[in-house]
Amino acid sequence: MAASKTVLEFNDRVVRQFLLATLVWGIVGMLVGVLVASQLNFWQLNFRSELLTFGRLRPLHTNAVIFAFVGNMMFAGIYYSTQRLVKARLASDFLSALHFWGWQAIIVAAAITLPLGLTRGKEYAELIWPINIAVAFIWVVFGVNFFWTLARRREPSLYVAIWFYIATIITVAMLYIVNHLSLPTSLTHSYPLFGGVQDALVQWWYGHNAVAFFLTTPILGIMYYFIPKAAERPVYSYRLSVIHFWSLVFVYIWAGPHHLLNTSLPEWLQTLGMTFSLMLWAPSWGGMLNGLLTMRGAWHRLRTDPVLKFFAAAVTFYGMATFEGPLLSIKSVNALGHYTDWIIGHVHAGALGWNGFMAAGMIYWLLPRLWNKPLHSEGLANLHFWLGLVGILLYVAAMWTSGITQGLMLNATTENGTVLAYPNFLDTLNSIRPLMLMRVIGGALYLTGFALLGWNVWRTVRGARPVNGTIEVWTDPVVETDPAEPRLGLIATFANPPVFFSILGFAFACAWMFGGSLLSIAGLVGTMLCVALAYAHFESRGRAWAGWYDRLLVNTAPFTILTFLAVVAGGLIQIVPLVLAHRAANVEDWKQVPYTPLELAGRDIYVREGCYTCHSQMIRTLVPDVLRYGDYSRLGESIYDHPYQWGSKRNGPDLARVGGKYPNVWHVRHMEDPRSVSVGSNMPPYPSLLQRATDVAALPSKLAVQRTLGIPYPEWTAAEVTRLVEEQARAITTDLRGAGVEVEADREIVALVAYLQALGRSEPTVVPDLRHTQ
């Protein structure tokens with residue numbers, strides 16, 4: 001029987017749902033962002049409420065922008081473009097609906113738990129373990145729906161946008177699962193499986209690559225679909241897109257350690273992170289140029305078309321952020337910029353400029369097509385663009401200036417580098433207050449632009465009739481594919497020159513980077529020879545390479561396997577050696593002394609209040625850090641910390657060696673009214689700590705989990721734990737009474753003081769003298 005055609009209707013209902021959720025959560029996340037930025041200038045805006053303190057709201061802001069705003073935008077763009085690129089409706093309407101409502105439920109759960117102080121204490125990974133299980137489940141639902149749709153496709157070859165979507169799905173799953181491995185102590189609390197330097201490396205392997213594979217690769221896929229559509233031009237260079245994709249997914253995963261430069265992270269990992277970060281310049285700018293040059297021939301439309309304005313600015317900000325990232329990974333630059341507002345400016349140039357403008361452009365382009373009605377006002381859309389652009393520029397300029405100013409002041413010394421020029425941390429903080437206020441103004445302008453977008457969307461969809469896209473297809477999907485196209489099996493996937501030269505070059509490069517003197521030289525020679533042979537073979541047999549890649553794009557499974565191998569290699573080489581080698585038994589120099597039960601309770605309070613968002617616990621191997629805070633931090637001094645608390649931003653001084661620096665009464669006064677002991681501080685007061693009782697009943701289960709994680713605690717009974725807590729608390733309250741402060745021994749402030757006084761406590765390790773062994 002002859003094949004016939006039929007009209008296929010896409011599932012655009014779920015696209016509309018994700019698009020509207022993008023707008024709602026985007027405005028909520030940005031509103032919280034403006035509030036927490038204002039709190040840094042006006043501590044009164046913490047409202048003396050533990051639910052609204054900076055330490056609790058800052059994680060809410062970051063999670064809302066990343067997972068709620070960009071996450072929903074990403075799902076809308078992927079679902080819309082994938083259906084059209086593969087000429088198939090989403091495989092399951094049920095899975096699509098489950099994905100949408102499940103993701104919104106996760107966001108609501110995060111919005112409730114984070115202000116309540118229910119957190120894991122790790123940046124971008126704060127959500128408690130039940131929510132993490134829900135995230136993993138919904139991500140699997142998304143992956144099944146996506147790959148099932150690819151299996152039903154009528155378009156044989158995978159377009160470039162699909163490559164980036166595949167990389168996103170498999171890599172985010174890997175990153176999220178590994179970094180969120182935890183042992184629960186209760187329904188709302190857990191300790192990460194990794195601790196100390198291991199936790200720091202795993203966290204920034206995840207944290208950096210969450211930026212790469214949640215905020216970058218899916219948005220690049222969206223760029224490769226929506227910019228050609230909006231500009232009505234083909235992608236500038238297909239070959240450049242191939243190079244862009246494979247180099248980006250391979251190189252990006254190695255760069256995480258650049259967040260830990262000049263710390264106690266092993267030097268080889270710091271060098272590796274810096275090297276690969278610098279290498280990221282090439283693929284990132286290759287993608288930027290491919291996006292901008294795709295708009296060639298359509299530049300004249302930028303004057304009137306708000307969609308192209310947003311896309312052009314977004315890709316430009318992507319290029320700017322991916323230039324700045326490698327720049328900040330250079331050790332000398334990082335020594336200046338790390339822990340300062342420069343990093344905040346860098347992050348927001350990407351989040352607001354790249355992600356935010358791509359989201360706005362996509363929404364403006366989709367609105368008329370999803371509701372079959374012209375955009376309410378292009379004038380408002382253009383106003384949105386200019387408000388947003390001015391807002392970003394004010395924000396980023398303020399943070400660059402603030403960060404560099406504070407970095408220079410904190411690092412400034414006199415007397416030939418032996419005395420700090422600005423010994424009081426608050427001097428640097430007060431000098432940048434006008435710039436922090438400018439940041440608030442810039443953020444408010446950007447938020448106003450998105451409020452205009454919300455109004456434009458509301459006026460456009462009001463009274464409009466939602467429509468689903470359609471396409472005419474053959475009733476038999478086989479008719480639209482090439483039946484003669486040979487299948488690419490597992491052997492053919494790997495037994496070919498591109499893969500062979502890639503694996504061989506990778507092996508030689510590892511020998512070059514990690515081997516001894518002779519092996520390193522051999523690895524360097526081998527790497528250069530491999531590159532030369534690969535280039536020569538490509539020049540002579542380029543058609544064979546292209547033919548293999550064309551066959552690869554017809555087969556989803558081999559392509560996905562190669563993508564997974566490309567991203568997993570860097571993580572394995574970085575994390576596995578550190579996890580195996582850097583244990584307490586192998587630590588040299590100094591080793592952390594485990595916390596007492598009361599100190600552990602205080603540490604959990606410290607984590608709950610989000611103190612790591614303002615204070616670091618890592619004294620870098622830099623002279624100004626050592627002069628200001630004490631001897632530099634050793635690798636073993638945080639080896640029992642689950643989670644690690646090295647921090648990434650200093651709104652206040654480092655606390656790694658604060659133990660014993662101040663009397664107990666100082667800490668009580670500081671938490672009750674920070675300005676009574678630190679004039680000019682922007683820290684909020686914590687009166688509830690003097691009113692709430694410490695949860696001693698939870699300590700036995702917490703200590704049991706800590707023992708499972710390898711921390712050498714005795715197997716205390718619950719009664720023994722209570723006795724130890726009461727003895728230490730009694731000693732602290734007796735000291736406080738002598739200083740004229742009456743505090744009940746079971747209050748949380750006592751546990752927190754115990755923890756703060758324990759920071760920096762370590763013991764020397766005994767290194768055997770091998771010279772006298774037989």
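Predicted model: local features only at pLDDT ≥ 70, side-chain atom pairs only at ≥ 80, totals over all residues.

Q: Which domains does the chain have?
A: Domain bounds come from an automatic or database domain assignment. Here the assignment gives domain 1 (5–467), domain 2 (490–586) and domain 3 (590–764).

Q: How far apart are the C-alpha centres of domain 1 and domain 3, and how many residues make the contact?
A: The C-alpha centres of domain 1 and domain 3 are 33 Å apart. Contact means heavy atoms within 4.5 Å; 65 residues of domain 1 and 56 residues of domain 3 take part.

Q: What is a pocket, and what is a cavity?
A: Both are found on a 1 Å grid over the protein atoms alone. A cavity is a set of points where a 1.4 Å probe fits but cannot get out, while a pocket is an open set with protein on both sides within 12 Å along at least five of seven lines. Lining residues have an atom within 4 Å of a point. Grid points are joined across faces, edges and corners, and a volume is the space filled by probe spheres set on the points.

Q: Where is the largest pocket, and what lines it?
A: The largest pocket holds about 1,800 Å³ of space. Its lining has 39 residues, with Trp246, Ser247, Pro498, Ser502 and Trp545 nearest the centre. Domain 1 and domain 2 each give at least three residues to this lining. Helix 18 supplies the largest share, ten residues; helices (H or I, at least four residues) are DSSP runs, numbered from the N terminus.

Q: How do the residues of that lining divide by class?
A: Ala, Val, Leu, Ile, Met, Phe, Trp, Tyr, Cys and Pro count as nonpolar, Asp, Glu, Lys and Arg as charged, and the others, Gly among them, as polar. The lining of the largest pocket has 30 nonpolar, six polar and three charged residues.

Q: What lines the second largest pocket?
A: This pocket has a volume of about 790 Å³. Of its 40 lining residues, His615, Gly652, Pro653, Leu655 and His670 are the closest to its centre. Domain 1 and domain 3 each contribute at least three residues to the lining, and helix 24 gives the largest share, four residues. By class, the lining has 21 nonpolar, 14 polar and five charged residues.

Q: How many cavities of 30 Å³ or more are there?
A: The search of the whole structure finds six. The second largest cavity holds about 200 Å³. It is lined by 18 residues, and Glu637, Ser638, Asp641, Ala656 and Gly760 are the closest to its centre.

Q: How is a pair of packed helices described?
A: The description uses the angle between their axes and the distance between the axes. Axes are lines fitted to C-alpha atoms, for helices over the stretch in contact, and angles run from 0 to 180 degrees between N-to-C directions. The axes of helix 10 (residues 281–294) and helix 11 (residues 306–328) come within 9 Å and cross at roughly 170 degrees. Helix 10 is therefore roughly antiparallel to helix 11 (the term covers angles over 145 degrees).

Key. Residues numbered from 1 in each chain as written. Heavy atoms only, no water. Helix = DSSP H or I, 4+ residues; strand = E, 2+ residues; numbered from the N terminus. Parallel < 35°, antiparallel > 145°, perpendicular 65-115°, else oblique.
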